[in-house]
Amino acid sequence: MNVQQQSLARRGFLRGALAAAVLVPLAGSMASCAGGGGGGTTGPTGTVSDTNPFGMADKSTVDAVIFKGGYGIDYVDFAGKGFESAHSGSTAKISPSTDIAQELQPRFVGGNPPDLIDNSGAKAIGFSTILAQLEDLTSVVNAKNLEGKVIKDTLYGGVLAPGTFEGKLAALNYVLTVYAMWYSDALLKDNGWSVPKTWDEMYALGEQAKAKGKYLFVWGKEAATYYQEMAIASAIKEGGHDVRLGLENLKADCWSHPALQSVFTALNKIVKAGHFKPGGSGTQFTAAQAQWSNAQEAVFYPSGSWIENEMKDQTKAGFKMTGAPVPSVTTSPKLPYASLHSAAGEPFVVPSQGKNVPGGKELLRIMLSKDAATNFAKTKLAPTIVKDTVPSDGFGSTALVSQTKLLSDAGDNIYTWNFIDLYGTNKDQLVVWNTFLDGKSDVATLTSDLQKITDKVRNDSSVKKIEVK
């Protein structure tokens, strides 16, 4: 199955789910980094074969640095054990990081980066600064997996497009993310509430929730821009793809689009009414999320589908985590209510200056085996780009089952954007959104502050711009 831009022809959950991954180029980077000089690719030093397609030397050590976020790093540890089993005497050194840019910038500059990196998280390296220093991963997808099948034949159509620039496959985005408004199905049913489809309905539910001592939303300081994601998704639904293209292409006054303004106005009304729990700008984000998932102080929380795994140890028994589309402003938006933001995430890259480039590719090859991909889906409750790894019961996860429904209901109306990741603006936008959610700014200030961040990138001649059509 092939996917062309915004048109997704799909049958069934995983087809559509993984097809959605084509819509985001190089997802996951939110911070920039000064790059080092170029370097040659480490050549084969061992015997090339189907089981050693990159010529990795015997008894090699591969150095991998993995972002430790909602998915942890144990799924790469799992693949690392497979690596060591397939290559007796070799070692997979898997190291966690919560600040990829800070920890790895000196290694890129010094010419000794790791062999494999999961360049993800709020402090990832801006991809626009390191593209020239990354290996082309075409050889990985052309290789056979542990089951003896050519990897590209085991992936859903189009999923290589996100990491491909000027003919170079620079990154493989491993995990599919569904963005939604998450809630406890049990809580809603206990109170006789239904999921709001418009912002007016959301406000009305907020009044009902307040009467029962609950807020609509909570937030944490490091994740204030989750509400930016929700606002953009809602505005694209309301105003169509002109909203998305204006933001992607850093247009002047893009944040002043009427659809964005209407969503900002609706959010501001909710903030002013006290339907956000106060103090989020001083609360660590997982603590805020626990206020929702464990204490149930709030009804909804916007997030990517990593939220279930991230909060699995702090979720109330019987919670029945479920996702819903974000509200629209009117009852007749340009895109249907079921329209959905979905994208591939967790971009894995192999730096050309790594000491063991063949080893980095080999570990990634093993991650793309059916065994490793199924392990990820089962333990993280999210699908990868590898086909046929999630059963219809979602391994017993209500959140994973709801992803099935969300993607099925969305049909062809799946969209995403990449300007925040590509240009590394999340850090500055966090400040703006924390202030807004605190009730210390209004719609005009929010718009102006966001536009200033966009204008700064647009006017910076040192930043390579990528046009989106």
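**View 1. D50 and K144 pair up through their side chains in a salt bridge, at 3.4 Å from N to O.** Here a salt bridge means a side-chain nitrogen of Lys or Arg within 4 Å of a carboxyl oxygen of Asp or Glu. D50 sits in the loop between α1 (13-19) and β1 (61-67), and K144 in the loop between α4 (138-142) and β4 (164-165), so the bridge ties together parts that are 94 residues apart in sequence. Helices (H or I, at least four residues) and strands (E, at least two) are DSSP runs, numbered from the N terminus. D50 has 49% relative accessibility and counts as partly exposed; K144, at 33%, is partly exposed too. The cut-offs: buried is under 20% relative accessible area, exposed is over 50%, and partly exposed is in between (1.4 Å probe, protein chains only). Keep in mind that this is a predicted model, where local features need pLDDT of at least 70 and side-chain atom pairs count only at pLDDT 80 or more, while totals for chains, interfaces and linings use all residues. Residues are numbered from 1 along each chain as its sequence is written, and side-chain values use heavy atoms, with hydrogens and water left out.

**View 2. K380 meets D74 in a salt bridge, with N to O at 2.5 Å.** This one links distant parts of the chain: K380 belongs to helix α13 (residues 370-380) and D74 to helix α2 (residues 74-86), 306 residues apart. K380 is buried, at 3% relative accessibility, whereas D74 is partly exposed at 38%.

**View 3. K277 and E297 form another salt bridge, their closest N and O atoms 2.4 Å apart.** Both partners are loop residues: K277 lies between α9 (258-272) and α10, E297 between α10 and β7 (300-304), so parts 20 residues apart in sequence get tied together. K277 has a relative accessible area of 19% and is buried; E297, with 25%, is partly exposed. Searching the whole structure turns up 10 salt bridges.

**View 4. Q289 sits in helix α10 (residues 285-293).** Its relative accessibility is 0%, so Q289 counts as buried. Skipping residues up to four places away in sequence, Q289 touches Y226, Y301, I307, E310 and M311. Contact here means heavy atoms within 4.5 Å.

**View 5. Helix α2 crosses helix α12 (residues 357-367) at roughly 110°, the axes coming within 9 Å.** That angle makes α2 roughly perpendicular to α12, a label for 65 to 115 degrees; under 35 is roughly parallel, over 145 roughly antiparallel, and the rest oblique. Axes are lines fitted to C-alpha atoms, for helices over the stretch in contact, with angles from 0 to 180 degrees between N-to-C directions. From α2, the residues Y75, V76, A79, G80, G82, F83 and A86 meet G359, E362, L363, I366 and M367 of α12.

**View 6. The largest nonpolar core has 118 residues, and Y174, L368 and W433 have the most contacts inside it.** Strand β6 (residues 172-184) supplies the largest share, 10 residues. Such a core is a set of buried Ala, Val, Leu, Ile, Met, Phe, Trp, Tyr and Cys residues joined through side-chain atoms within 4.5 Å. Neighbours within four places in sequence aside, L368 is in contact with V140, N145, I151, L155, L172, Y174, I385 and V386. Apart from this core lies another one, of 16 residues, including V65, L104, I117 and A171.
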